Amino acid sequence: MTQAFTQQTTFTEPQGRAQLPTLPSGWPIGSYESYSDAQRAVDHLAGTDFPITDVTIVGVEPILVERIAGRMGWSKVLTSSALSGAMFGVFLGLVLSLLNPGAGLVPILVGLVGGIGFNLLFGALGYAASKNKRGFISQSQLVARRYDVLAQPRNAEKGRALLADLAARSAFIH
């Protein structure tokens, strides 16, 4: 359900120009409460001789959901800044030590200390500048209330029959 709108594909016209976004077309052949259920339905269609390029999954009534992961404070800001700076600094130090093999551990240590120092400075400045605006950490997702599977009219009846068969088999198994 959380991956519904994360993957973007750019289709190109024969002339190589990108298509502009358009509303989906087709007739509904199935409606599902989760994206994974809609995906499973399309996988079922793909396993048959159904023309899968005529199928579209449409998220209906999109909602922006922001999940709160925790509080934001100086200790969390400085800790995460130091850790990400250390990782970047060690990476940069390793690259520099590969370019200059005779330098030993000096580039790695300089990269580590420099990465931690710069990231601590910029992390603290960024947090101080935004203080009192946001005291928490969160992740946003775009989800939908339901997911409709559409097919072009020429194949809609066949698609409905295949998905009805899938629903009947799923009900029998559960």
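This is a predicted model: local features need pLDDT of at least 70, side-chain atom pairs count only at pLDDT 80 or more; totals for chains, interfaces and linings use all residues.
Residues are numbered from 1 along each chain as its sequence is written, and side-chain values use heavy atoms, without hydrogens and water.

Start with the sheet. Strands of a sheet pair through backbone hydrogen bonds, either parallel or antiparallel. Here three strands form an open sheet in the order β1-β3-β2, and the pairing is antiparallel. Strands (E, at least two residues) and helices (H or I, at least four) are DSSP runs, numbered from the N terminus; two strands pair if DSSP finds at least two bridges between them. At the edges are β1 (27–32) and β2 (55–71), each pairing on one side only. From one strand to the next, the twist averages 30 degrees.

Strand β3 (residues 136–151) is joined to β2 by 15 bridges. Among the bridge partners, I68 has S138 in β3, and I63 has V143. Between β1 and β3 there are five bridges; the partner of S31 is D148 in β3.

Helix α4 (residues 156–173) lies across β1 and β3, at about 20 degrees to β1. Such angles run from 0 to 180 degrees between N-to-C directions, with axes fitted to C-alpha atoms, for helices over the stretch in contact; contact means heavy atoms within 4.5 Å.

An unreviewed UniProt entry annotates residues 77–99 and 105–129 as "transmembrane region". UniProt positions are given in the numbering used here, feature names are shortened, and annotations may be inferred rather than shown by experiment. Residues 77–99 are 100% helix and 0% strand, with end C-alpha atoms 33 Å apart. Residues 105–129 are 96% helix and 0% strand, with end C-alpha atoms 36 Å apart.
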